Amino acid sequence: MLRIKRKKPQEAELDITAFLNLMIVLVPVLLLGLVFSRITVVDITLPDAGGSSSTDKDLQKVELVIRQGGMAVNYPRGTKLKDIPLKEEAQDFAYLSLVLQEVKRQLREKQIEQRSITILSAADTDYQTIVSAIDTVRSFKALVAADVVDAELFPEISFGDAPVLTANPLAVR
């Protein structure tokens, strides 16, 4: 009798190099895309439609008036506390932060917990200036126990239109 030798079938190797190449490229691209798609939302309030009714609490708000020629911090409402002139033809947000930190410190010394601010901007104020103002009035960088943290200034933000400047400096707005 003849013996027939049969070859044992070899197991096929799975070639996954193309798949691994795809994953090597795809994973970093997806991870980088997550950083750029982060969306931040800031809660703001708009003034009432009625407008002219003002209470004592409304009068005790901090205001930031933004114009092309500079900014002004008012406290109480309508009373100019500090002018912030332009610095090298741009708004000086670093100085604004220092002024607001001092206002916050003085309010705390008087046992007043103020968390709200009203930003009044002129009609020709550009978007980036408003966004930078929002970031500046919300918090500032503080050094606490050798770590840099965001310290709270005025996180509750309201918006409105800046009062129109009149030719008569004694005119009431």
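**Exercise 1. Find which residues have the most contacts inside the largest nonpolar core, and trace the elements that supply it.**

Step 1. The largest nonpolar core holds 26 residues, and Val 62, Leu 64, Val 73 and Leu 100 have the most contacts inside it. Such a core joins buried Ala, Val, Leu, Ile, Met, Phe, Trp, Tyr and Cys residues through side-chain atoms within 4.5 Å. Buried means under 20% relative accessible area, exposed over 50%, partly exposed in between (1.4 Å probe, protein chains only).

Step 2. At least two core residues come from each of S2 (62-67), S3 (70-74), H3 (93-109), S5 (116-121), H4 (127-138), S6 (139-144) and S8 (156-161). H3 gives the most, six residues. Helices (H or I, at least four residues) and strands (E, at least two) are DSSP runs, numbered from the N terminus.

The model is predicted: local features need pLDDT of at least 70, side-chain atom pairs count only at pLDDT 80 or more, and totals for chains, interfaces and linings use all residues. Numbering starts from 1 along each chain as its sequence is written, and side-chain values use heavy atoms, without hydrogens and water.

**Exercise 2. List contacts of Val 73 beyond four places in sequence.**

Step 1. Contact means heavy atoms within 4.5 Å.

Step 2. Val 73 touches, among others, Val 62, Leu 64, Leu 81, Ile 84, Leu 96, Val 99, Leu 100 and Val 103.

**Exercise 3. Describe the fold order.**

Step 1. Count four helices and eight strands.

Step 2. From the N terminus, read α-β-α-β-β-β-α-β-α-β-β-β.
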